[in-house]
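Let's take a look at how charged side chains pair up in a protein model. Have the sequence and the 3D view open as you read.

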Amino acid sequence: MLQPVTTTQNLAAGRSWLASLHGTDQTDSVTLDLTTFTANTHYFASTDSTVPYSRFLSGVPVGKITASGLYGLYATGATDGRQNFAGFVFAEVLFGPGQTKVPAALLWHGSVKTAKLPVVVAPVEPSATCQIRFV
């Protein structure tokens, strides 16, 4: 006999890294390639069998992978396109077990508090495609 179980999970927005709301109404839709990120640093895998969703953090810097068009972890030493800073994952994203591609919102225009980001990011000069001001 099966017994359905319902759970509720409330998540706070967790965007203390935003310095202002400027640009938050102009996010782009992107797809993240999870193979370029590190578990328990950029996202947290679910350990609760009743809530199987993992959580990708907001404020993680990304670059666009040239060959696939997907977005991966921004890395200055990369040679696949991720060395070009595209912006930050704007909002936390829940995703299911086994997913390697996750839809997300990209903040490409606005101001961020460098010290509040979930990972260390050196300020990057604005470009034609990414206009982030670091404070």
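## A pair to start with

This is a predicted model. In it, arginine 82 makes a salt bridge with aspartate 80, and their closest N and O atoms sit 3.0 Å apart. Side chains of opposite charge can pair like this when their charged atoms come close.

How much of each partner is accessible? Arginine 82 has 16% relative accessibility, so it counts as buried, because the cut-off for buried is under 20%. Aspartate 80, at 28%, is partly exposed.

## The other salt bridge

Searching the whole structure turns up two salt bridges. Arginine 55 and glutamate 92 form one as well, with 3.1 Å between the closest N and O atoms. This pair ties together distant parts of the chain, 37 residues apart: arginine 55 belongs to strand 3 (residues 54–56), while glutamate 92 is in the loop between strand 6 (85–89) and strand 7 (93–95).

Buried or partly exposed? Arginine 55 is partly exposed, with 26% relative accessibility. Glutamate 92 is partly exposed too, at 23%.

Three of them make an open sheet, in the order 2-3-7, with antiparallel pairing. Strand 2 (43–44) and strand 7 are the edge strands, each pairing on one side only.

Which residue stands opposite arginine 55 in strand 7? That's leucine 94. Strand 3 and strand 7 pair antiparallel over three bridges. In general, the strands of a sheet pair through backbone hydrogen bonds.

Notes
Residues numbered from 1 in each chain as written. Predicted model: local features only at pLDDT ≥ 70, side-chain atom pairs only at ≥ 80, totals over all residues. Heavy atoms only, no water. Salt bridge = Lys/Arg side-chain N within 4 Å of Asp/Glu carboxyl O. Helix = DSSP H or I, 4+ residues; strand = E, 2+ residues; numbered from the N terminus. Buried < 20%, exposed > 50% of the residue type's maximum accessible area, 1.4 Å probe, protein only. Pairing = 2+ DSSP bridges.
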